[in-house]
Each structure stands twice: as structure tokens, then as C-alpha cells.
Amino acid sequence: MRPTTPQAEKAPTTAAPGRHARREGFEDGALLTVEDVHVRFHTRNGVVHAVEGVSLELSEGEVLAVVGESGSGKTVFTRRVMGLIAGSRDTEVSGTVTFDGITLSELDAKGLSKVWGKEIALVLQDPMTSLNPVKRIGAQITETLILHQKLSKQDANARAIELLRSVGLSEPERRVRQYPHELSGGMRQRVTIAIALSCSPRLLLADEPTTALDVTVQAQILDLLGDLQSRLGMAMLLVTHDLRVVRSRSDRIAVMYAGRIVETAPTKDLFDSPRMPYTEALMNAVPPITGPNHVRLAVIPGRPPDLLAPPKGCRFSPRCPYAQDRCLTEEPPLRDAADLPDGSAVEHSYRCWYPVGTPENAEARRVNVERGETAAGTPVTGEMVPA
Amino acid sequence: MSSTTDSSVVLEKPAEDKPSEDVVLRLEDLVVEFPAGAGQIVHAVSGINLEVRRGETLGLVGESGCGKSTTGRAIMQLPKPTSGSVHFDGRDLASLSSEEVRKLRPKLQMIFQDPISSLNPRRRIPDIVGDPLVVWGRGAEKAKVVPEVLRAVGLDPEQVADRRPHQFSGGQCQRVSIARALVLEPEVLICDEPVSALDVSVQAQILNLLEDMKARYGLTLVFIAHDLGVVRNISDRVAVMYLGRICELGPTEALFDAPVHPYTRLLVSSIPSMEGAQRGEVGTGEMPSPVSPPSGCRFRTRCPLATDRCASEVPEMREVAPGRFTACHHPILDTPVEAPLPAAVAGDHSTNGTAPAPADS
């Protein structure tokens with residue numbers, strides 16, 4: 001995928017009329033509904049189960065973070081939502097993606113091109129490759145404006161300068177005449193954000209938008225995204241591998257592991273009382289930035305599973321300190337945390353037979369510590385089990 | 001070392017330069033420059049003075065392009081620095097012949113960011129790990145030492161015996177790299193972004209392993225990374241680099257909890273925190289090009305405290321509190337230190353003023 005706001009190269013000239021009526025007549029419903037989405041790739045080595053039955057909803061103006069390690073399926077999922085991955089000879093897709101009443105998953109390229117850039121925009125990880133190296137910055141921004149907003153070249157140019165200013169780029173008049181290689185990584189990412197926002201989309205998909213950037217620049221870009229998101233009232237799907245990044249920047253978090261959502265909850269709730277052992281382990285594995293140094297980090301043994309042959313039962317069971325026999329054979333469904341004795345009424349669901357913070361979990365830990373290994377045969381050490 | 005010694009005096013008699021008891025590695029006025037074409041020069045490292053004490057972990061942090069990896073490589077003489085010296089166990093590596101440097105290399109090992117590309121894909125794991133022994137004529141020990149080291153880094157020697165790097169994950173390859181670096185029992189291990197390419201869940205395994213290996217083999221670590229959380233956890237002292245210079249050096253906790261240099265403050269406040277909201281202000285701008293670094297203090301173009309003095313005068317490294325050094329005209333202190341320390345009289349040297357090596361407490 002080259003352009004940041006993907007558009008069909010040859011867009012239909014009969015594009016949608018004028019601006020959509022944002023915020024008007026909008027009811028407090030889901031803007032984006034994803035239902036039971038599967039993506040499987042048929043490769044020479046077998047079938048890769050990249051995304052397995054993911055369902056979620058995103059309301060207007062909400063920021064949902066999708067967190068997962070490499071290979072968790074978060075990027076494939078984002079691309080499927082966007083419509084960039086479609087069924088083909090070696091790609092099997094199922095499930096529905098509905099955006100504001102339109103079933104995206106049924107649209108063809110022509111139909112999608114009316115939505116891309118205008119209603120849904122995408123910001124990718126690597127600003128070096130998501131811009132066209134042989135086109136000036138200005139031309140890359142005005143392309144979208146001329147296509148979707150029917151602006152004249154001159155107006156589009158003025159708007160491009162305005163957009164660059166709004167994303168905090170200095171000397172925007174000069175920038176529009178520059179090429180991507182003349183800008184630094186952070187500046188390029190600001191440009192891709194400007195392109196993404198050029199038509200005031202209602203949904204922004206940001207796939208690891210700051211991973212390629214330095215920490216001081218990362219903070220700038222995240223603040224910029226958050227600021228624009230709340231000012232424009234758009235919904236955002238923020239995909240990242242770093243829990244720290246989303247802590248103060250999301251309303252809700254969905255944790256993905258091996259192609260599945262394993263826990264989803266409002267951000268505060270997830271951090272306060274994670275239920276899925278994987279979420280708990282991820283949090284403990286991040287080196288703290290306060291307190292003493294040389295702290296022994298809690299480790300997650302092993303590595304993420306091979307999606308060619310995901311483990312039976314709970315997919316985290318081979319690495320889980322609490323794993324019991326049941327976890328190896330029976331995959332837990334998404335369960336509602338409100339049913340737990342100390343669960344709050346917020347929407348919090350998780351996939352685990354022995355959720356963290358329950359007597360069952362404490363018992364599972366006791367059993368495993370006693371026999372020195374989990375039901376999956378993983379040795380249980382002090383490093384692995386949080387006290 | 002006693003910082004009262006003028007650096008020029010040290011340079012006149014490098015042979016007699018006796019290391020103080022606990023300093024294993026000392027960089028003096030280290031400069032690394034690369035040609036950038038069209039007669040331009042990349043000032044990657046511009047005059048670094050640093051001491052690494054035996055048995056400590058020294059963290060070297062900074063953003064990409066600040067020269068931290070170049071510094072690590074210059075210590076290894078890969079390539080030799082443009083000027084300045086690297087004293088290892090009291091011997092100046094820069095003044096030695098390449099053969100003499102080669103003989104010291106077993107004591108000075110390095111591991112890299114990308115664990116997969118740093119291993120030869122066509123060789124088997126035990127051969128990769130055992131090679132350093134063969135090179136040093138100790139091939140006979142291979143059968144005994146290699147399994148030991150593999151076990152130490154958490155790999156089963158029997159399981160990996162017939163395997164090649166592509167059959168392993170990034171985390172396991174990093175374990176192999178560490179085993180290869182340890183097989184000759186080095187004194188100093190330079191780790192250049194050893195966990196940046198790894199997932200969070202695997203990163204913790206490698207960090208714990210490095211701590212274990214440090215204890216087991218009595219290593220001194222130079223830990224280069226851009227992730228401040230990682231550096232904070234593993235380091236005893238931290239040196240913060242910006243655009244080829246060290247701007248702050250101090251004990252880890254103190255440096256992170258109360259940064260003295262404005263750049264350190266910016267870095268620390270930019271860390272996304274597990275504990276909640278961001279802690280401080282977010283800066284603006286990005287690092288200028290190392291081809292034409294700003295005059296005076298290199299951070300001044302982004303510094304909220306910059307004054308005219310910062311543009312004209314290179315700030316010297318000075319001790320602002322016990323064990324804490326900074327190169328800043330306007331350090332953030334509870335009790336401002338106005339006059340530079342006596343050792344920093346070299347201030348009227350032109351651009352690349354030589355900062356005195358930080359003294360031990």
C-alpha cells in the first residue's frame with residue numbers, strides 16, 4: 001500500500017455529492033461494527049489463521065486501541081476493516097464490516113474508493129514508504145481534496161497549506177513544494193496525518209503511527225493525533241504493540257493474541273483489573289520508569305504461537321502461568337466480567353477459564369506452583385507468576 | 001581518574017597512564033566523523049569523555065542519530081575513531097596496531113540489535129557459538145565450553161545441536177548472540193540496542209538474562225538503547241547523548257527522577273508511562289542534522305531555556321551535584337551553580353571544546 005489515504009488511482013468522476021452531514025442526525029450508535037471477521041491466508045506451508053472471529057464496535061468520536069505483539073493479527077485486521085484485504089484465490093475472508101450503515105466488506109474497489117480518504121482514512125507506521133517519493137508534498141495532499149471535495153487546484157493548494165499548519169509543520173508554504181526525502185521522519189508522519197485528515201474523515205485508522213519515530217517525536221505525534229481527534233470529533237482505531245502508548249490516549253482497549261481478541265475493556269478498567277493472564281503478563285513485562293532500577297522483570301516464557309498451527313484450547317495456554325488441563329482442550333469464549341464477584345458493570349470481556357483476580361485463578365496458581373509446572377508442562381518460576 | 005590532570009598532559013604520556021582501580025574503559029575526547037560526500041562531514045561523535053567502571057552497567061541513551069551506536073562501535077575500534085582515545089584496562093586502543101587490538105578483542109565483545117542478521121545463516125548454532133574458541137586456538141575446549149554457555153543463556157545444547165539460525169525466533173537468536181559473545185569470557189560487553197527488535201514479552205526474558213550473565217561472568221556492560229524504560233531498569237549510571245555529545249551523566253534513578261539537562265527532562269517527560277498520564281511538557285522540533293550541527297550548545301535550537309550564551313559557547317561538562325555531570329549553561333537545579341568548576345577552564349577553546357573527563361565521586 002503506497003498512499004496513506006488510499007484512493008483508487010482512477011476515481012469515478014461521479015463521486016459523492018458535497019460534504020457528508022457529520023454530527024447531524026447522529027444517534028449514539030456504533031459508527032463501525034465488525035462482526036466475526038476471519039482472515040486466512042493459504043500459503044505453501046499451510047493455512048495461516050491471521051484473524052479469527054474478531055468482533056467489535058466503535059462509536060462516533062471514540063478512541064479504541066488495539067494492542068498486540070507482532071503476529072497477533074492486528075495489522076491484518078486493520079487492513080481488513082479498511083477493505084485493503086479482500087478474498088482471493090489464496091486469501092479467505094468472512095464476517096462483516098459495517099461503517100455507518102454501509103457494509104464495507106461487500107463493496108468493490110470502486111465503492112470503497114468513495115469511502116477511502118473521505119470517510120475513513122489510514123495512517124501507517126512507516127512515513128518513509130507511505131508517501132510517494134517522486135511527488136511533491138503539496139500534490140499528495142491536494143489529490144484527495146480535488147477528488148473528494150471538488151476543490152479547484154488553487155483552493156486545494158490553499159487548503160493543503162492550512163492543513164500542514166494544523167498538524168504543526170513549520171513553513172507550510174515551503175513544505176508543499178518539497179519532496180518527502182527533504183523532510184525528517186516526524187515531519188513526514190505529520191504530512192501523512194495531514195493527508196489523512198484532509199477530508200475530515202469520521203474514522204481514522206492509525207496502524208502503529210509512532211513506532212518508527214523517536215520518543216520525543218512520538219509524544220508530539222500522539223498528542224497531535226489526540227488533539228485533532230477530539231477537535232474534529234472523529235473516531236480512531238489506534239493499533240499499537242505498546243500498552244504504554246495507549247494508556248492515556250484511548251477510551252477502550254482490545255488486546256489481541258494469535259488472531260483473537262482476548263480481552264476488551266475501558267482503558268482504566270483494563271489497567272486496574274486485567275482479567276486475561278496475557279494482559280496481566282504484558283503489563284508486568286514492561287520495564288517501569290519509576291521506582292528502583294535492576295528490578296527483576298516478570299517474563300512471559302516462550303514466544304507467540306505459530307499461526308500455521310495455533311495451539312488447541314486457549315491459545316495462550318502454553319505460556320500461561322495459570323494453565324490447567326481445561327485450558328489445553330477447551331478454548332474459552334469471550335466472557336463478561338460483570339458476572340465476576342468483584343466485576344464492575346462496565347463492558348469488560350475476556351477469554352479465560354481462570355481470570356486474574358478470582359479465587360479460581362489463585363487456586364490455579366497454587367496448583368501450578370506446587371507441581372512446579374503448568375498443565376502445559378511449562379516450568380513455573382517465581383519470575384513468571386506475579387506475587 | 002583525577003580530573004585535575006589537564007587532558008593535554010595525559011596525551012603526552014599515554015604509556016604511563018595508569019588506570020584508577022575501578023575504571024575498565026575510558027573514552028577521552030572521542031571524535032568520530034564520516035565523509036558525507038560533496039566535501040561535507042557528518043559529525044557523528046564530537047568529543048566524548050566517559051569512564052566505565054568495572055562491574056557496572058552504563059546506559060547510553062539518545063534518539064536515533066545522536067551517535068550512541070557510533071560511540072559503541074568506536075570503543076570496539078570498528079572503525080577506529082577519527083581522534084581521541086579509548087583506554088581499555090589502561091591501554092590506548094587507538095595507539096595499538098590492529099594485531100594488538102585483535103589480541104584484546106576477546107576481552108571486549110559486542111552484541112547487536114538484529115539478532116538474526118548477526119548470525120551466519122548457513123552454520124549450526126554450536127559452531128557459531130564455538131567459533132571464537134577456534135579462532136583463539138582453543139578449539140579443543142569447544143565440546144566442554146559451548147554446551148555450558150548455551151545452558152547459561154537458557155538454550156538446550158542437545159536441542160540446538162543441529163539447528164541453524166532461521167529455525168529460531170528473534171529472542172532465541174539473541175540468546176545465541178549472547179552465548180557467542182560470552183564464550184571467551186569477556187570483561188566488557190557492549191550491547192547495541194539488544195532488545196529493540198524483540199516483542200515486549202520476549203524483551204523481558206533477554207533483559208533478565210543479561211542481568212544474570214553479568215552476575216555470573218562478572219561483566220561490565222555498556223548498554224546502548226533508545227528505550228528509556230529499558231535503560232532505566234538495567235543501568236547503574238546513564239549517559240544521555242544528543243547530536244554527538246553527552247549532555248548529562250549520572251546515577252540512573254537520580255537522573256530520571258530529577259533531570260538536570262533540559263534535553264534529559266524532555267526525554268524523560270516524553271516516555272509514555274505505564275503508570276498514567278504523561279508527566280511533563282512535550283517538546284517541539286526534531287534533532288538537527290549532524291552534518292551542520294548548531295554552534296555552541298547543540299540542543300539550543302530546541303531548548304526552552306536557551307540564551308545568547310548557548311549559541312556562542314560550548315557548555316563544558318561539569319559536576320553539578322555529587323556524581324552528576326551535565327554540559328549545560330542553564331542546568332535545572334534547586335540551587336543554581338553559576339561558576340563552572342575550575343577544571344572547565346578550557347571554555348575558550350573554539351568549537352569542539354574539550355570537556356574534562358567526568359571524575360569519579
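Which strand order does the open sheet of eight strands in chain A have? This is a predicted model, in which local features need pLDDT of at least 70, side-chain atom pairs count only at pLDDT 80 or more, and totals for chains, interfaces and linings use all residues. Residues are numbered from 1 along each chain as its sequence is written, while chains are lettered from A and ligands numbered from 1 in the order in which they are written.

Select the sheet in chain A. Its order is 6-7-8-3-9-10-12-11, with mixed pairing. Strands (E, at least two residues) and helices (H or I, at least four) are DSSP runs numbered from the N terminus, and two strands pair if DSSP finds at least two bridges between them.

Strand 11 of chain A runs antiparallel to strand 12 (residues 349-350) of chain A, and two bridges join them. Pick Arg335(A): its bridge partner in strand 12 of chain A is Tyr350(A).

Now select helix 1 (residues 74-82) of chain A, which packs on the sheet and touches strand 3 (63-67), strand 6, strand 7 (203-207), strand 8 (235-240) and strand 9 (252-257) of chain A. Contact means C-beta atoms, placed from the backbone, within 7 Å. The direction of helix 1 makes about 150 degrees with that of strand 7 of chain A; axes are lines fitted to C-alpha atoms, for helices over the stretch in contact, and angles run from 0 to 180 degrees between N-to-C directions.

Move to chain B, divided into domain 1 (23-235) and domain 2 (264-361) by an automatic or database domain assignment. Their contact takes 18 residues from domain 1 of chain B and 14 residues from domain 2 of chain B.

Technical notes:
Two residues are in contact if their C-beta atoms, placed from the backbone, lie within 7 Å.
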